Amino acid sequence: MNEPTIRTQNLTKHFGRTVALTGVDLTVSAGAIYALVGANGAGKTTLIKLLMNILRPTAGSSAVLGIDSHRLTGSAFQSIGYVSENQELPEGMTVGGLLNYFRPFYPTWDRELEAQLVQQFDLPLQRKLKNLSRGMKMKASFASSLAYRPALILLDEPFSGLDPLVRDELIEGLIERAPETTIFLSSHDLAEIESFSSHVGYLEQGRLLFSEEMSVLSDRFREVTVTLANPAPLPANLPPTWLLAQSADCVLRFVHNHFDEQATPSEIHALVPTARDISFDPMSLRAIFLAIAKTHRDSANENSAQEKVA
Amino acid sequence: MIPFRITFRAGLSLFEQIVYAATRAMVSGQLRPGDPFPSVRALSKELKINPNTAHKIVAHLVSEGLLETRPGIGTVVAVLPDSSRKDRTQLLEHEIEELVVEAKRLGIDQTEILAAISAHWQRLGGDEPTSANHFANRPHDGGSKQ
């Protein structure tokens with residue numbers, strides 16, 4: 001039971017000369033609601049398609065529910081629910097027809113849950129998919145992917161372009177399934193996932209910059225403001241845990257990425273003996289993401305500058 | 001339905017915001033001892049928050065003595081414990097400091113700020129004795145229903 005639901009090792013995908021994903025090591029444990037966040041083009045869809053055996057990796061490997069992705073076949077898909085914003089539905093079918101069509105493929109299909117989802121999402125069974133709004137189509141997709149109680153639900157940008165009302169309905173549907181399943185979803189918008197996710201990963205230009213439990217992340221990051229007894233420049237050789245350090249006159253400010261209530265104040269006093277006052281402020285998830293992304297970009301720029309010099 | 005009002009503010013921890021909203025409803029008498037408190041499931045579903053967060057919120061309120069679990073019934077609002085009143089005052093130290101700093105910055109004097117505090121105190125449930133059963137003895141201040 002300790003087998004992670006999703007595991008990737010050095011997962012890499014190139015499209016010609018374009019590097020879509022590079023060296024992604026990711027672990028998602030059973031029961032998590034894992035949100036993969038990143039800008040458009042960061043590689044989220046590629047990652048999900050690799051997991052689902054829709055694409056082949058250039059290097060590395062991935063496993064889903066203990067099965068290597070490249071060996072995922074028919075029967076394994078009976079325990080995976082997959083919804084993508086770009087999914088093509090048989091537009092000529094009615095919603096009821098779609099459910100009738102999918103039902104026999106899944107031995108665990110639950111008619112009662114299906115009925116509950118139809119009611120909860122207010123799905124018009126008689127109407128054709130092509131005549132439905134984007135939100136309604138998404139709800140039909142959700143219903144047909146949740147009704148067989150999959151052990152893993154993979155969602156690629158499930159909320160993008162939906163109005164807040166529909167989004168709320170879908171989130172509610174997911175939260176209801178959460179106790180019995182693992183949910184992995186991608187999103188380009190932090191705000192839409194931060195309330196209900198348990199874990200979050202951040203993908204930038206094909207690299208996974210971090211992957212962590214949400215509460216751990218907010219516990220270890222602090223914005224630190226140090227007031228000095230007299231104006232002083234930034235101390236040399238700052239520890240790598242001090243991100244984005246800046247100073248002006250008597251104030252030194254940085255982001256600490258391994259904050260510890262006991263150890264951090266003494267660490268600061270040791271490095272900045274003239275510190276008169278230190279304050280630690282908790283950061284919003286958005287601020288944490290920005291700090292990580294900026295640090296990453298700064299170090300990437302530095303490296304390329306060094307390469308030019310060399 | 002969730003028996004207290006909450007409007008989420010961006011950038012603040014959901015846990016703290018919900019704990020605060022629930023505590024506020026309890027100290028203001030909106031929720032009274034014995035009133036049912038939403039289950040973890042209901043809290044998670046209604047507020048669209050992770051079930052683990054909902055669980056932590058309920059566990060925290062129980063450990064603070066604000067809620068109690070009754071077998072067969074569920075979680076209900078507890079009678080506020082009188083002990084550790086001092087501890088609780090200490091919890092507010094930071095907020096009080098902030099308030100004083102803001103007041104000084106805006107040039108509000110001590111009398112004015114104390115008057116503003118007592119106005120809020122009244123609004124949230126009037127003058128309270130310092131006795132243990134803070135809530136239990138409270139007459140129902142149902143307000144004036146028109």
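Chain A folds into 10 helices and 14 strands, where helices (H or I, at least four residues) and strands (E, at least two) are DSSP runs numbered from the N terminus. Bear in mind that this is a predicted model, with local features needing pLDDT of at least 70, side-chain atom pairs counting only at pLDDT 80 or more, and totals for chains, interfaces and linings using all residues. Residues are numbered from 1 along each chain as its sequence is written, while chains are lettered from A and ligands numbered from 1 in the order in which they are written.

Let's start with the overall picture. The C-alpha trace of chain A spans about 75 × 40 × 40 Å along its principal axes. Of the 310 residues in chain A, 33% are buried, meaning that 20 or more other C-beta atoms, placed from the backbone, lie within 10 Å of the residue's own. As for contacts (C-beta atoms, placed from the backbone, within 7 Å), take those in chain A between residues at least 6 apart in sequence: 71% of them join residues at least 24 apart.

Now for the domains. Chain A splits into domain 1 (6-213) and domain 2 (217-309), with bounds from an automatic or database domain assignment. The C-alpha centres of these two domains of chain A are 37 Å apart. Where they touch, domain 1 of chain A puts in 9 residues and domain 2 of chain A puts in 7.

Look at the domain 1 side of that contact. The elements giving two or more residues there are β9 (199-204) and β10 (207-213) of chain A, and β10(A) supplies the largest share, 4 residues. By type, this side has 5 nonpolar residues, no polar ones and 4 charged. Here Ala, Val, Leu, Ile, Met, Phe, Trp, Tyr, Cys and Pro count as nonpolar, Asp, Glu, Lys and Arg as charged, and the others, Gly among them, as polar.

Definitions and conventions:
Contact = placed C-beta atoms within 7 Å. Buried ≥ 20, exposed ≤ 12 C-beta atoms within 10 Å, placed from the backbone.
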